[in-house]
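Open the model in your viewer and keep the selection tool at hand. The tour below goes from one selection to the next and says what you will find at each stop.

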Amino acid sequence: QVQLVESGGGWVQPGGSLSLSCAASTSDFWLYDFAWYRQSPEKQRELVANITRSYLPKYADSVKGRFTISRDKAKRTVYLQMASLQSEDTAVYYCNAKVQTETDLHDYWGQGTQVIVSA
């Protein structure tokens with residue numbers, strides 16, 4: 001079982017920046033692919049960005065050029081740096097960790113951290 005603990009959410013004005021962190025409780029951190037999802041009351045949960053265990057990032061079109069996902073093996077932490085935030089970015093942001101073994105898919109979620117973009 002892997003526990004994921006997100007932090008860094010909060011309130012920010014449009015055009016501002018925030019940085020989210022996701023600390024993972026696993027010594028096998030390097031095996032996992034990680035992702036950030038978000039969900040607002042009006043929308044289904046959507047993928048924001050993911051980063052493979054080979055450090056390859058991928059972004060949703062809506063955040064390309066504004067968000068950066070990264071991972072730190074030594075700290076067992078995944079980050080999401082968000083810039084030029086817009087009201088549409090308001091949501092609860094969730095960290096996800098995933099690994100496919102020979103027999104199973106292991107899929108873990110954090111509790112979420114709220115991001116509010118408002119004047």
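Predicted model: local features only at pLDDT ≥ 70, side-chain atom pairs only at ≥ 80, totals over all residues.

As a general background, nonpolar side chains in soluble globular proteins tend to be buried together.

Now centre the view on Y93 and show its surroundings: leaving aside residues up to four places away in sequence, Y93 touches a set of residues including E6, L20, W36, L80, M82 and V115.

From E6, move along to strand 1, residues 4-7, where L4 and E6 form the covered face, while V5 and S7 form the uncovered one. In a regular strand, side chains alternate between the two faces of the sheet. Strand 1 pairs with strand 3 in the antiparallel sense over four bridges, and within strand 3 the residue standing opposite E6 is C22.

Finally, select C22 together with C95: which bond joins them? A disulfide links the two, with an S to S distance of 2.1 Å, and the structure holds one disulfide. Because C22 lies in strand 3 and C95 in strand 9, the pair ties together parts that are 73 residues apart in sequence. The torsion about the S-S bond is about -80 degrees, so the disulfide is left-handed, and both C22 and C95 are buried.

Definitions and conventions
Residues numbered from 1 in each chain as written. Heavy atoms only, no water. Contact = heavy atoms within 4.5 Å. Buried < 20%, exposed > 50% of the residue type's maximum accessible area, 1.4 Å probe, protein only. Helix = DSSP H or I, 4+ residues; strand = E, 2+ residues; numbered from the N terminus. Pairing = 2+ DSSP bridges. Disulfide = S-S within 2.5 Å.
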